[in-house]
Amino acid sequence: MVAEMLTVVAVTGAGLTAGVLFCVAISLVPGFFALPASGYVEAHKLYGRYFDRIMPPIVVTTTVLTVMLAVRDQPGGSRPLFIVAALSLLGVSLVSQFGNVPINRAVKRLTADRVTYDWQDPRPVWRTWHLLRTALALLALVLLALAGAS
């Protein structure tokens, strides 16, 4: 019973993570690219403020729950699914922390009037990191759902 409840919570957390990251990929990222540099800086700072408060605790909690499920004896051979899901969620955290977060911090230090013609636009690199973590989150969601169904 405990494993089933943990699985439901983990699937929910993975669904939230994958859903938010997918939404950012299909809506905010194209919007960021459509803005001039100064507008992008202001928009990134505005939207990041809200995501930064919510997403890290969801991802970390979901990862911890998935690790707990991976180390338990699992019926039906679902343990490998939990293990790969946990690694995928860990990947989301690592990509975020070492790929996206450093760029976010650099953008937050800027003001719209400090973006000059020779500014190194971080949007393409940020998008690449973001798409990687989105794919990892989607993989974790699918694996957790499969593990829960087995």
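**View 1. The whole chain and its surface.** The protein exposes about 8200 Å², with carbon and sulfur atoms supplying 71% of that area. What you're looking at is a predicted model. The protein has 4 helices and 0 strands, so from the N terminus on the elements simply read α-α-α-α. Along its principal axes, the C-alpha trace spans about 60 × 20 × 20 Å. Of the 150 residues, 39% are buried. Take the contacts between residues at least 6 apart in sequence: 80% of these join residues at least 24 apart.

**View 2. Inside the largest pocket.** This pocket comes out at a volume of about 520 Å³. Its lining counts 25 residues, and the ones nearest the centre are D52, M55, V101, N104 and R133. Two or more lining residues come from each of α1 (2–34), α2 (37–71), α3 (79–108) and α4 (123–149). Which helix gives the most to the lining? That's α2, with 9 residues. Sorted by class, the lining holds 14 nonpolar, 7 polar and 4 charged residues.

**View 3. K108 and D52, a salt bridge between helices.** The closest N and O atoms of K108 and D52 are 2.4 Å apart. This pair ties together distant parts of the chain, since K108 belongs to helix α3 and D52 to helix α2, 56 residues apart. Both partners count as partly exposed: K108 has 36% relative accessibility, and D52 has 33%.

View 4. How accessible is K45? At 21% relative accessibility, K45 is partly exposed, because buried means under 20%. E42 is partly exposed too, at 37%.

View 5. R123 pairs with D121, and their closest N and O atoms lie 2.8 Å apart. Is R123 buried or exposed? R123 counts as buried, with 8% relative accessibility, whereas D121 is partly exposed at 33%. A search of the whole structure turns up 3 salt bridges.

Terms used: Residues numbered from 1 in each chain as written. Predicted model: local features only at pLDDT ≥ 70, side-chain atom pairs only at ≥ 80, totals over all residues. Heavy atoms only, no water. 1 Å grid on protein atoms, 1.4 Å probe; cavity = no way out; pocket = protein on both sides within 12 Å on 5 of 7 lines; lining within 4 Å. Points joined across faces, edges and corners; volume = space filled by probe spheres on them. Nonpolar A, V, L, I, M, F, W, Y, C, P; charged D, E, K, R; others polar. Buried < 20%, exposed > 50% of the residue type's maximum accessible area, 1.4 Å probe, protein only. Contact = heavy atoms within 4.5 Å. Areas by Shrake-Rupley, 256 points an atom, 1.4 Å probe, with all protein chains shown as cover. Salt bridge = Lys/Arg side-chain N within 4 Å of Asp/Glu carboxyl O.
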